[in-house]
Amino acid sequence: MCIHTSPDIWKNPLQFDPDRFLPENERNRPRCSFIPFSHGLRNCIGRGDYQTYGRAATRSTTLMDNWRPVRNNREDDDGFDFSGVRVASRIFYVSNERKINSLSAFKHAMFSMKITLPIFFKQVQSTEYKSVEDVDFCIVAIPKEGCKVKLQKLEKKSLISLARYHWNRRRLYYHAWKIGGPFAWPIIGSAYLFIRGHKDSYNIVTKMINSQPPIFKLWMGTKLVILTTQPTHAEVIVKTCFNRLGTKHMEEIFKTGLITAPVDIWRRRRKIINKSFNTKILNSYVDIFDKRARHLMKQFEEKCHGNYIDLLETLLRCSLDTVCETLLDVDSNSITGQARYITNTNRLAKISAIRGSSIWLHAKFIWSYSSLHQEVTNLRREMMDFIRQIIEMKKLNIFDKEKVFINNLINSTEDGELDESGVMDEIQSIFAASETTAITNALVLCMMGLHSNIQKNIQEELASIFGHSDRTVTLEDVNRMYYLERVIKETMRLFPPVPFIRRSVDEDIELDSHVLPKGSEVYIPLLSLHRRPDFWKDPLVFNPDRFLAENEAKRPNFSYLPFSRGSKNCIGFKYAMLSMKTMLAIFFKHYEVQSTKYKSIEDVDFWLAMLLAQFLIILALILLVKYHWDRRWLYYHGSKFKGPFPWPILGNAPLFFGKDKDAYKTLTNLVNSQSPTFRVWLGRELVVVTTEPAYVETILSNSLDRFKSHNLEEIFHTGLLIAPGEYLHL
Ligand code: HEM
């Protein structure tokens, strides 16, 4: 656009003058000074498809929405249905789907517009714009639902839009100001506190919570996060906030599954899935829990032989196989790829933690170019293949046990309540959520290694139920394991497997003297809530009797929430308790555990896995140096172009922050204020912008690769529009 309005090329550039295109006038302009259809081998092949329909038609209809056409013979008619223009463009689009060569493309496009425009416009009058300057060129927003197009009036000055952004958030700032919290810098907020990375972030948060009042705020960049360990607050939050939207990076993994689904989808899905978690169905799984637990014992025996074994890995495999046999009703021996699935899940969890605590990776444009994003996509694809294998197997046999989770989901696709990808997302979410039982089992064993007296009490309880018999565990037996249940509860108090309940605040919520403003996020850190000394005397002492009924009655409601509460609580909590009690009962009937590593609860690292941090830091530094060395040519030549001041890491991207709607205007202003050829750094990408016709011709004639755009790639894949140059087969 800037080339087309450059005063060096076009006299009075904002004057609308069709005679500029008289042959005698065209001859006087430099080549490549008018390139609406681009130039060179990669020019527009045919406006019949994307260009004509998507741009010419939508843009002309965009403008039409602000213009009132007048038909020659009906002056009184102030309504006009522009859908005709879209239809005409569509017809052109269809007729053009046959192959056309690039030379005839201009003619096709011009021809269609020459036919379309005279038919529909005998005469038009402007209702809104008085001059060409009034008509803002903009990036047209096409809503997801269809081709309705709205022209956004762009802000005159970026400062105004910045002021408007903050003005719109005034309530957020006002209420945030009333809540205490650690110091926040402009732009990054309190994110500097997490500079040491994700491995330490839980300890940092825990220390911070202990040093702050029960409710406090944290600015993570522009995001307002409020943390509370007040049971009364927790009650209001779990009963009124239903969006877990604080977790964009989780959405990328679990898509529309219950864990991350937006509220409207979640409500419908939860209703369907609840049917599969009723007590009667769950009770019928005890046999399978018993079978899988015995299989696990066999594996321990085979692997152990007096050596150390990774309990968690074996327990995770057991939990996955158990879910396959109960909720998915398939024999785990008939499917393959479980071990790989577990490895992928662990890697995803790690990436999720890295992204969560690395504020720069929250920015979509940085994230989508990062290698971690690519890794997430690959891991997810592999996991989906595993799930697809199970669904295909089940589709052959869904008629019996229709309330079983997978059959229930597949039946819902036939009723149109769910689609296939929804089924896969739900299964993936259940697999991930059920891992928490393996983690809890591992933690119980860990705790028992430290508390041999408590282990003895469990064994005495089991002896009173089973005697010396090694018979199968029944539902009645599980219901009599009161002490074991208290041990599991006490373990989840000290080490809640889901450490935070997070919700986004969609409406202002009043909590005592505070208001959680709409647009903020709220966290309930369970580890801290479960260790508050005012509710839990000697919080670091492992004491299962805290969960005797008389002691529970003394504590405030909502002070213990390992499975959360309210209608968005853990759907699998009964399943989890049944399976954990069965597994642990069989374990303690056969084994005793001793801790060789930990001597007290304080020693137990919450994350159970410590990596050699120093080694990683050195490795990261080496990789960083290599990365910049490989790009030295880019830096060298980039430095020869003039351009706006680039910030470290972000480059010139801040120029576009908060300007989604008027990014085009911002770019135009930038182009006008810089020399005809200049550079901008968009994060790590070097972008050279030129309005010099001679350069334009060289570039368009020689360069075949379009700038990579992940958004467009997702839509058009290898279509001509964005395919790499070698796909053109010229
Ligand atoms: C010790 C084991 C488990 C613990 C501690 C646990 C804990 C939790 C917690 C704290 C939540 C979040 C609730 C909220 O945000 O308010 C949750 C959600 C969920 N859990 Fe569990 N969970 C466990 C086992 C399971 C199992 C075995 C399954 C499935 C078989 C499961 C399925 C789910 C699902 C689907 C959700 C999302 C529910 C929704 O949003 O409607 N969980 N779990």
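A polar contact here is a pair of N or O atoms within 3.5 Å; inside the protein, one atom must be able to donate a hydrogen and the other to accept it, and residues adjacent in sequence count only if both atoms are side-chain atoms. This is a predicted model, where local features need pLDDT of at least 70 and side-chain atom pairs count only at pLDDT 80 or more, while totals for chains, interfaces and linings use all residues. Residues are numbered from 1 along each chain as its sequence is written, and side-chain values use heavy atoms, with hydrogens and water left out.

View 1. Start with Trp266, where a polar side-chain atom sits 2.7 Å from an oxygen atom of the ligand. Helices (H or I, at least four residues) and strands (E, at least two) are DSSP runs, numbered from the N terminus.

**View 2. The shell around the ligand.** Which residues come nearest to the ligand? Out of the 28 around it, they are Trp266, Arg270, Arg503, Ser564 and Cys570. (To be near, a residue needs a heavy atom within 4 Å of the molecule or strand in question.) H18 is the top contributor to this shell, giving 6 residues. By type, the shell splits into 17 nonpolar, 7 polar and 4 charged residues.

View 3. Ile259 is in the loop between helix H9 (248–254) and H10. It is partly exposed, with a relative accessible area of 22%; buried means under 20%, exposed over 50%, and partly exposed in between (1.4 Å probe, protein chains only). Setting aside neighbours within four places in sequence, Ile259 is in contact (heavy atoms within 4.5 Å) with Arg244, Met250, Phe254, Ser429 and Ala433. Gln428 is 169 residues away from Ile259 in sequence, yet their C-alpha atoms are 9.8 Å apart.

**View 4. The buried side of H8.** Which residues of helix H8 (residues 231–240) are buried? They are Pro231, His233, Ala234, Ile237 and Val238. These residues lie on the same side of H8 because they cover an arc of only 150° around its axis. The arc is taken from the directions from the helix axis to the C-beta atoms.

**View 5. Phe34 and its partners.** Phe34 is in the loop between helix H1 (23–26) and helix H2 (50–64). Buried or exposed? Beyond neighbours within four places in sequence, Phe34 has contacts with His4, Trp10 and Phe21. Between Phe34 and His4 there are 6.2 Å from C-alpha to C-alpha, with 30 residues of separation in sequence.

**View 6. Two positive phi angles outside glycine.** Asp512 is not a glycine, but it has a positive phi of about 45°. You'll find Asp512 in the loop between strand S6 (509–511) and strand S7 (514–516), where it is exposed at 60% relative accessibility. Phe558, also not a glycine, has a positive phi of about 65°. Phe558 belongs to the loop between helix H23 (549–552) and H24, and this residue is buried, with a relative accessible area of 3%.

View 7. Asn344 is part of helix H14 (residues 338–357) and is buried at 3% relative accessibility. Leaving out neighbours within four places in sequence, Asn344 touches Leu379, Glu382 and Met383. Trp177 is in helix H6 (residues 170–177) and is exposed, with a relative accessible area of 65%. The C-alpha atoms of Trp177 and Lys217 are 8.9 Å apart, and the two residues are 40 positions apart along the chain.

Note on methods: Ala, Val, Leu, Ile, Met, Phe, Trp, Tyr, Cys and Pro count as nonpolar, Asp, Glu, Lys and Arg as charged, and the others, Gly among them, as polar.
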